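Subject: Handover of a model, with notes

Dear colleague,

I am passing on the structure below, followed by my notes on it. Please read the notes with the coordinates open beside them.

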Amino acid sequence: DSPYRSLVSNVQSKSILFPGPQRDIGALMNISDIGVLTSNVRMHGEGISNALLEFGAIGIPFLATNNGGTPEILGKDEKWNLLKPYEPIELAEKIGKLLDDPDYRRELGGKCKQAVEKKFGIERMVNEYEELFKVVIIR
């Protein structure tokens, strides 16, 4: 049982899951409205998070602490879902906006999907390998 369960009101408990250890993470992601990844930047910097890539790939908007490899997922000019470290009010406000506004949630989910596909999609990977093979073969 999660020690955080007691922090959730009865009203909120209908929307917040504490599923414990899971094997089918994809199923949980697919029923999610948003993904959130916060990091203790004093302790470590996130690499490129597989969870964020997976949320983005299926068009689920995510919020994440602005550190480590997270900005690389989005690109230099895309700052719409990056969070300042240790700013719980900002986090709560952004979560609230996403939960309260389905149109904004879909829009941000689309932007997350585009960012992930552009930087980490199969088409880009195939094109980059093709260019690499051309260089190697020409030599």
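This is a predicted model: local features need pLDDT of at least 70, side-chain atom pairs count only at pLDDT 80 or more; totals for chains, interfaces and linings use all residues.

Residues are numbered from 1 along each chain as its sequence is written, and side-chain values use heavy atoms, with hydrogens and water left out.

Overall picture

The protein has six helices and three strands, arranged along the sequence in the pattern α-β-α-β-α-β-α-α-α; here helices (H or I, at least four residues) and strands (E, at least two) are DSSP runs, numbered from the N terminus. Taken along the principal axes, the C-alpha atoms fill a box of roughly 65 × 30 × 30 Å. Of the 139 residues, 25% count as buried, where buried means under 20% relative accessible area, exposed means over 50%, and partly exposed lies in between (1.4 Å probe, protein chains only). Among contacts with a separation of 6 or more, 55% are between residues 24 or more positions apart, a contact being heavy atoms within 4.5 Å.

As for charge, there are 18 positive and 20 negative side chains, and the centres of the two sets lie 2 Å apart. Lys and Arg count as positive and Asp and Glu as negative, with His and the chain ends not counted; the place of a charge is taken as NZ of Lys, CZ of Arg, CG of Asp or CD of Glu.

Tyr86 and the charges over rings

Y86 is placed in the loop between β3 (82-83) and α4 (88-100), and is partly exposed, with a relative accessible area of 37%. Its phi is near 60°, a positive value in a residue other than glycine. For context, most residues other than glycine have a negative phi. R42 lies over the face of Y86, at 3.9 Å from the ring centre, and K97 lies over the face of Y104, at 4.4 Å from the ring centre; a charge sits over a ring if NZ of Lys or CZ of Arg is within 6 Å of the ring centre and within 35 degrees of the ring normal.

At 0% relative accessibility L98 counts as buried, and its C-alpha is 9.9 Å from that of G109, eleven residues apart in sequence.

N67, found in the loop between β2 (62-65) and α3 (70-74), is also buried, with a relative accessible area of 10%. Leaving aside its neighbours within four places in sequence, N67 is in contact with S39, V41, H44, G45 and E46.

Helix α5

E107 is in helix α5 (residues 102-120) and is partly exposed, with a relative accessible area of 44%; C-alpha to C-alpha, E107 and Y86 are 26 Å apart in space and 21 residues apart in sequence. G110 is placed in helix α5 and counts as partly exposed at 31% relative accessibility, with its C-alpha atom separated by 29 Å from that of V11, 99 residues apart along the chain.
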